[in-house]
Amino acid sequence: TVGTGSVTSTSILDGTIKTVDLEDGSVTNAKLATDAVTSNKILDGTIKTVDLEDGSVTNAKLATDAVTSSKILDGTIKTVDLEDGSVTNAKLATDAVTSSKILDGTITGADIEDGTITGADIEDGTITIADLNEAAKNYFNTTVPDGSITNPKLANGAVTTNKLGISAVKSSNIADNAVLESNIMFGAVTSSKILDQTIQTEDLDLAIITQNRLAFGAVTSVKIADGTIKMEDLDSSLKSMLSSSSLLKSSSTVGTDSVTSALIVDGTIKKEDLADGSVTNSKIVSVDASKITGTVPAGLTTVKGVLAKSTLDFKPDHSYFTKVMTANTTFTAINLKQGNRYVLKLSGAFLPTFPSYFLLNSRSTYNPKLQNYFQFEVIDDSVGTPLVIVRLNQKPM
């Protein structure tokens, strides 16, 4: 008799334990060797979800058509899961394709169903003649009723100059302040176009009012600047009357400082009119040698003549030259010595330019219609920073 627990593994012949020898449930997981359970040992349909390791069902484990829609979690199919060209028209739901899903510029005429585009789909003013075929152009040119093209139908910039008929643009078509100076043709504004009493002083160019523009009696005393009427402005009868008038013969009737240079006829001042010592050095432009009495101080000479070039040579002092400009002239200066003076009588219908260190009085500018006397005096002869004072005196020719 074999006692309970007395039969050990060594007492059992290998390979002799049969199914009937095993108690139900006696073969536990620990009793199974690795890879001991093969497919034919597993009862069909008994493998459950809990028996599968996460990620153990690979693509190779899935039979063809084994994954149905119900097995796919809603919203988990991504673009990379789709084969190119796999989304056919039948796969698209009604109204599923919106504007944002369509690539710009890819809709062609073949994609549009005949008769589907209505006038409401076309933006006002966007169809031009170039968009029409020949038949449409002919229809447009021959059958469009007069007045049927309204402002909203015209695209911005569609109406060019050659589309406008002669005199078609009226005053009512022009916006206020739209006509600029550049839009007005030279000579187009005549007197009838200017509102009476609207021309102001700032509208007039310099020297535009000539004698012919003045109405008879238009210039009254208040329009004449004090002290500006010269003897040459008077007619012969008035000159004669003034010369014989007792008003000009009596010094008691002439106010202090009332007789200016402009009121004195050139060449009429006599030596008896000059007070002793009144002709100072600064009043003398040049002195001919025949006018000098006694001995000329050593080193003081005077030169006079025609300036051939454009260099003002301040040696010797007190030189006097004349020059007729035949072109715009830029003058230079040499031999600057403090105290030296130079006089240049300049004429010609061109512009003179002097060095930047020549300081010209601002009251007058060169005028080719007058006699121009430039008087230069060297105030500072420092190298690099010279200074020359320029006085411009002008007389009628």
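Strands, like helices, are DSSP runs numbered from the N terminus (strands E, at least two residues; helices H or I, at least four). Two strands pair if DSSP finds at least two bridges between them. Within E6, leucine 346 stands opposite lysine 323.

I then turned to strand E1 (residues 304-306), which pairs with E3 (residues 319-324) in the parallel sense over 3 bridges. Glycine 305 has phenylalanine 321 in E3 as its bridge partner.

I noted that this is a predicted model, in which local features need pLDDT of at least 70, side-chain atom pairs count only at pLDDT 80 or more, and totals for chains, interfaces and linings use all residues. Residues are numbered from 1 along each chain as its sequence is written, and side-chain values use heavy atoms, with hydrogens and water left out.

I checked confidence next. The mean pLDDT (the predictor's confidence in each residue, from 0 to 100) of the protein is 82, and 86% of its residues reach 70 or more. Confidence is lowest in helix H3 (residues 246-249), at a mean of 51, and highest in strand E4 (residues 329-330), at 96.

Lastly, I looked for salt bridges (a side-chain nitrogen of Lys or Arg within 4 Å of a carboxyl oxygen of Asp or Glu) and the count came to 1. Arginine 391 and glutamate 377 form the salt bridge, at 3.5 Å from N to O. Arginine 391 lies in strand E10 and glutamate 377 in strand E9, so the pair ties together parts 14 residues apart in sequence.
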